[in-house]
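User: I have a chain open on my screen and would like a quick tour. Can you walk me through it?

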Amino acid sequence: MEHCFKDVVVVRLGEQNGNSMVLKLTTNQGLGIHAVSVPREGFSYTGPTWAYLFENEGLTLIDTGVTGSFPRLAEGMACAGYQAKDIERVIITHGHEDHDGAVAQLVEETNAELWAHDIYAHLQPYDPRDVERRASSPLQREMRHIVEANGAMPEPAPEREGYLHNRRTIEVKHRIKAEEQVGALTFMHAPGHSPDEICVAMGDVLFTGDHVLPEITPHPTTKTTYTAEIKSHLPAEYHEEDGLYGLETYLRSLQKVADMGPSISILPAHRLYNRSRYNFLNATRGTELIQHHAKRLARTVSRVGNRPVSLEQLTRAIFDRGKLMGGNLYAALSEMVAHVELLEDTGDLKVSDSGQVEATGSANYRQLLQELAT
Ligand SMILES: [Zn+2]
Ligand SMILES: [Zn+2]
């Protein structure tokens, strides 16, 4: 796939999955960007978090890595010739721990300003995982039953308490609003994977956080996560549009990226380098991700057919059986819920109070997908 980098220099070699790698990228327009991979301890499916560093009205950093990784980030920056104390602002693409985990320590030790989407600031009191688990719809209740019966609830890491404390107390100095511009940067709100997700455009580059990733498909939130309690913590401007959570919201945000076309290169927060290969992709990766979900919607409708099935049966039929254990089962169920919710909204599936799923015979979701693309 074509990309806009005329020069890629390896500043520090890392591991095969990109752990600890530092790159200097120069775009065709002459913009210089350092990509610093911040590893996490132990195995991680998504791999290290890629943080990006560049000059834009002062030294700007995008994302930080997991809790406790500030020293590793600072060390990577030093390889690139920068000192962490010179960071003017740190922009968080969304409130997941592998992105904002190290931000509290960074801000404390460097005086950098924290910038995040307005919604990030409003949702600071919440643990994003709790939000997901407390949501209540027949599908969510059924999902919790299955997770409990299979002992599949992922254990929180011991350092999570500290992270949540930092998350609640850290001050967001600048609340980003959609389409805002700062120097050469333009911010774009891209909810779906997370309600506060932003993409950041600079010249012919788009920093996509976890919204658009190479190799893997980011996890969509479920719509019922947007509970009355969450709503009560958000200002009225976010009440009207029912568009912060869920698969349809995610697909709309993907289309925004797809519309930017092949001349825009994406710099993702994971998998920029993996299996000893670069993953330089352009904005058409957004279309690929939409197509992935379109296929899964089609499979879901045809798998349900005219016989009611349980959420567990459906999930095990759609996802690779061998991998459906522990945290993987949880992730697959939640993704299945996101798909069923959309198909319920389009009238193609019906969900009973006990969480049984039944097809109605229609395939209106196709029309929705067509509308998205126009
Ligand atoms: Zn994320
Ligand atoms: Zn991530």
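**Walking through the chain**

Analyst: Let's start with one strand pair. Strand β10 (residues 185–189) and strand β11 (residues 198–202) pair antiparallel, over five bridges. This is a predicted model.

User: Which residue stands opposite isoleucine 198 in β11?

Analyst: Histidine 189.

User: What sheet do those strands belong to, and in what order?

Analyst: An open sheet of six strands, ordered β9-β10-β11-β12-β13-β16. The pairing is mixed. β9 (181–182) and β16 (281–282) are the edge strands, and each pairs on one side only.

User: Step back. How many helices and strands does the protein chain have?

Analyst: The protein chain has 13 helices and 18 strands. Its radius of gyration is 20 Å, close to the 21 Å that the globule rule gives for 374 residues, so the chain is as compact as a globular protein of that length. The C-alpha trace spans about 60 × 45 × 40 Å along its principal axes.

User: What share of the residues is buried?

Analyst: Of the 374 residues, 46% count as buried. As for contacts with a separation of 6 or more, 66% are between residues 24 or more positions apart.

User: Now the eight-strand sheet. What is its order?

Analyst: It goes β1-β2-β3-β4-β5-β6-β7-β8, open, with mixed pairing. The edge strands are β1 and β8 (174–176), and each of these pairs on one side only. From one strand to the next, the twist averages 25 degrees.

User: How do β1 and β2 pair?

Analyst: Antiparallel, over six bridges. Valine 9 stands opposite lysine 24 in β2.

User: And what is the bridge partner of lysine 24 in β3?

Analyst: Histidine 34. β2 and β3 are antiparallel too, and five bridges join them. Their hairpin has four residues between the strands, and glycine 30 there takes a positive phi near 90 degrees.

User: Is β3 largely enclosed or open, and why?

Analyst: Strand β3 (residues 32–38) is largely enclosed by the rest of the structure, because six of its seven residues are buried. Next, β3 runs antiparallel to strand β4 (residues 49–55), joined by five bridges. There, alanine 35 has tyrosine 52 in β4 as its bridge partner.

User: Which strands does α1 lie across?

Analyst: α1 lies across β1, β2, β3 and β4. It runs at about 145 degrees to β3.

User: Switching to α3. Which of its residues are buried?

Analyst: In helix α3 (residues 103–110), they are Val103, Ala104, Leu106 and Val107. They cover an arc of only 165 degrees around the axis, so they sit on the same side of α3.

User: Why would residues a few places apart point the same way?

Analyst: Because an α-helix has 3.6 residues a turn, residues three or four places apart point the same way.

User: What do the buried residues of α3 pack against?

Analyst: They pack against α1, β6 (87–91), α2 (97–100), β7 (113–117) and α7 (160–169). Just after α3, asparagine 111 takes a positive phi of about 65 degrees.

User: Is aspartate 63 buried or exposed?

Analyst: Buried, because aspartate 63 has 27 C-beta neighbours inside 10 Å. Serine 20 is partly exposed, with 18 other C-beta atoms within 10 Å.

User: New topic. How do α11 and α12 cross?

Analyst: The axes of helix α11 (residues 311–318) and helix α12 (residues 326–345) come within 10 Å and cross at roughly 105 degrees. The two helices are therefore roughly perpendicular to each other. Leu311, Leu314, Thr315 and Ile318 in α11 meet Ala332, Leu333 and Met336 in α12.

User: Last one. Where is serine 263?

Analyst: Serine 263 is in the loop between α9 (247–258) and β13 (265–268). Serine 263 is exposed, with 12 other C-beta atoms within 10 Å.

User: How many residues separate serine 263 from cysteine 4 in sequence?

Analyst: They are 259 residues apart in sequence. In space they are 7.1 Å apart, C-alpha to C-alpha.

Technical notes. Residues numbered from 1 in each chain as written. Chains lettered and ligands numbered in written order. Predicted model: local features only at pLDDT ≥ 70, side-chain atom pairs only at ≥ 80, totals over all residues. Buried ≥ 20, exposed ≤ 12 C-beta atoms within 10 Å, placed from the backbone. Pairing = 2+ DSSP bridges. Arc of directions from axis to C-beta. Contact = placed C-beta atoms within 7 Å. Rg over C-alpha atoms; globule rule 2.2 N^0.38 Å. Axes fitted to C-alpha atoms, helices over the stretch in contact; angles between N-to-C directions. Parallel < 35°, antiparallel > 145°, perpendicular 65-115°, else oblique.
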